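Subject: Structure handover

Hello,

Here is the structure I promised to pass on. Please have a look at it first, then read my notes below.

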Amino acid sequence: MTEESRGFLERGRFRELFDRLVLRGYQTMAPVVRDGTILYEEVSGPEDLPRGLRDLQSPGSYRLEAAESGRFFAWANGPQALKPLLFAPREILWETRRESDGALSFSSSTPSPRPLAVIGIRACDLSALALSDRHFGKGPFPDPGYALRRRDLFLVAVDCSHPANTCFCVSTGDGPEAQSGFDLALGELDSGFLVRSGSEKGRELLRELSLPPPEPSMEEALKRQADQARSSQTRRLPSRNLRNALASRPDHPHWNNLAARCLSCGNCTSVCPTCFCFSEREEPALDGHSSLHLREWDSCFTAGHSYIHPGPLRGETRFRYRQWLTHKLDYWHDQYGRSGCVGCGRCLSWCPVGIDFTEDLPLLLGEPDGH
Amino acid sequence: MDTDPHIPRAAIIRDRIQEAPTVFTLRLEPEGDTSVPFRFTPGQFNMVGVMGLGEVPLSIVSDPSDLDFFDHTVRIVGRVTGAMARMGPGDRVSIRGPFGNGWPMDATRGRDIVLVSGGLGCAPLVSVVNYVVRRREDFGALTVLHGVKNPRDLFWKERFSRLNGIGGTRVFLTSDTGGSGWEGAVGPVTNLIENISVTKKTTAKICGPEPMMIATVRKLLDQGLAEEDLWVSLERNMQCAAGFCGHCQLGEMFVCKSGPVFRYSEIKNRLGIRGL
């Protein structure tokens with residue numbers, strides 16, 4: 001365990017953090033406003049961040065609006081987690097070439113990513129990253145693209161001070177404060193940031209910044225802020241461990257009620273920071289001499305996901321919704337030792353019909369007649 | 001898994017045998033780096049690819065002691081298998097694998113083996129037949145119960161009748177429909193179970209459509225077979241075959257990795273549920 005260092009970074013010196021990361025050779029990404037939402041993009045400094053904005057989220061709705069606050073992180077997560085930065089939405093796996101004598105040769109298409117620093121990661125997404133590591137990073141042959149992008153990652157977390165109406169990370173045990181898995185974590189106050197290290201390379205960078213120690217009043221203010229963030233969350237899961245609670249009742253009639261609302265569009269799986277499914281396909285060159293084998297994010301809400309001759313195993317929406325939610329909250333325990341839900345609430349906000357499964361869960365777990 | 005699942009290697013088609021109008025067998029020889037020998041156990045599968053079209057999971061039907069080649073028996077069901085059907089000796093496919101766990105061959109040594117298969121479900125079990133026949137003294141009685149929908153779906157007819165001539169080996173065939181010239185039984189494959197007597201030495205290995213496997217399991221359990229001595233091989237959508245892509249999930253299991261062969265007691269809660 002690395003010893004934790006702490007320091008106070010006043011707001012006017014925030015740029016120094018970006019500069020230090022650039023000096024160390026990192027491509028630096030941070031939240032920016034794009035298409036009416038907040039996404040991670042390459043930035044040059046704090047001026048690119050969504051300062052003075054706040055978000056309004058509810059099931060089926062996401063809006064940004066101006067806020068009085070001069071803070072940089074007075075909003076909750078946008079649709080994008082760390083997932084696309086590590087598990088690319090579209091990725092070439094290998095190229096096949098056919099020589100004139102008919103012989104086939106294969107070349108893998110491993111990316112050569114620049115070391116990446118990401119500023120502004122919330123606790124829920126750090127938990128999701130730890131889960132993705134268990135999925136993609138395991139075994140004698142971990143996923144090559146994921147492993148390469150993961151290797152040189154520098155993570156600057158931010159304690160969440162403004163959870164959205166859709167957030168329930170307290171209930172899943174993942175937030176609002178960053179707990180582990182970061183190099184540096186920021187606690188934001190009006191005057192600046194309390195910075196703490198979570199790794200040796202974070203400690204080194206903190207040393208380079210040579211910050212004054214934080215005052216006790218700052219620590220207290222941050223603690224109050226975290227308590228407020230905690231108590232502002234109204235949604236919760238009935239239990240952190242629903243192992244076998246959903247799988248044991250596949251015929252519960254409430255799955256039909258969910259299916260009646262669900263459009264099977266797959267938005268929830270796209271924004272979910274732990275959904276990992278992908279499909280593979282070939283893209284042949286027109287000259288017939290070569291072909292790319294690539295993968296793209298897939299969703300258990302598509303018909304193709306469960307296709308096996310002569311048709312999909314999950315032909316109906318209720319089977320697909322059941323698969324998604326049961327996998328996430330139930331099977332994940334057996335697969336990776338905990339629930340696959342980190343309470344980020346994205347699947348609520350970005351569901352076009354506003355399905356809020358935290359409301360449906362008690363019904364799915366209750367007796368079919370509603371008592 | 002001993003070989004990198006993330007990149008294929010080439011294999012050349014050495015032979016192609018037409019088994020039935022829509023079923024054929026490809027004999028493949030791996031090319032390229034032969035320092036890594038192609039080793040597998042019965043019941044494992046390969047992802048076999050046609051350049052420009054994609055890959056399909058195919059069970060390996062040949063015997064693992066044949067080190068120079070391996071066989072896949074394929075039914076034409078889509079674009080990739082359709083393209084494979086038009087290939088012949090000298091053509092190349094891509095291979096990733098072998099994947100999955102395979103049948104428990106060492107663990108069932110010395111036991112009486114009952115194989116129950118339906119339709120092309122017999123492909124994963126043909127490797128078991130080959131394996132047992134080549135090591136006949138290592139196993140007890142071998143009984144093959146094989147069912148097809150229509151008599152014209154039956155292939156390996158000669159192979160089946162040859163097996164009947166080997167000591168301690170019996171083959172029973174049935175067809176759902178029957179028809180002129182059909183010498184086997186008529187009815188579901190479960191009817192054939194009356195031909196066997198279950199003892200403490202019996203192990204059953206089953207492969208076919210899920211309802212057929214469930215009906216077979218029920219009947220064998222009724223006959224006194226223990227759940228621990230029942231094994232099934234499952235089919236799911238497979239794309240990466242290495243436990244990453246998520247398509248083959250059945251409950252908490254990635255069928256490509258913890259299967260495709262399962263002990264019945266491990267999987268019974270996940271069978272027979274529509275849309276799972």
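Chain A holds 12 helices and 15 strands. Both are DSSP runs numbered from the N terminus: helices are H or I with at least four residues, strands are E with at least two.

A word on the source. This is a predicted model, in which local features need pLDDT of at least 70 and side-chain atom pairs count only at pLDDT 80 or more, while totals for chains, interfaces and linings use all residues. Residues are numbered from 1 along each chain as its sequence is written, and chains are lettered from A and ligands numbered from 1 in the order in which they are written.

Overall form

The C-alpha trace spans about 70 × 65 × 40 Å along its principal axes. Of the 371 residues, 42% count as buried (20 or more other C-beta atoms within 10 Å of the residue's own, with C-beta atoms placed from the backbone).

The sheet

Seven strands form an open sheet in the order β1-β11-β10-β9-β8-β2-β3 (chain A), with mixed pairing. Two strands pair if DSSP finds at least two bridges between them. The edges are β1 (6-10) and β3 (37-42) of chain A, each pairing on one side only. From one strand to the next, the twist averages 25 degrees. Inside the sheet, β8 (residues 116-121) and β9 (residues 153-158) of chain A run parallel, joined by 5 bridges. A:Val118 sits opposite A:Leu155 in β9(A).

Two helices

Helix α1 (residues 14-23) of chain A lies across β1, β2 (27-34), β8 and β9, at about 130 degrees to β2(A). Helix α6 (residues 200-209) of chain A lies across β1, β9, β10 (184-189) and β11 (192-197), at about 135 degrees to β11(A). Angles run from 0 to 180 degrees between N-to-C directions, and axes are lines fitted to C-alpha atoms, for helices over the stretch in contact.

The two helices also meet. α1(A) and α6(A) pack at about 125 degrees, with their axes 10 Å apart. A:Glu16, A:Leu17 and A:Arg20 in α1(A) meet A:Leu205, A:Glu208 and A:Leu209 in α6(A) (contact: C-beta atoms, placed from the backbone, within 7 Å).

Best wishes

Technical notes:
A residue is buried if 20 or more other C-beta atoms lie within 10 Å of its own, exposed if 12 or fewer, and partly exposed in between; C-beta atoms are placed from the backbone.
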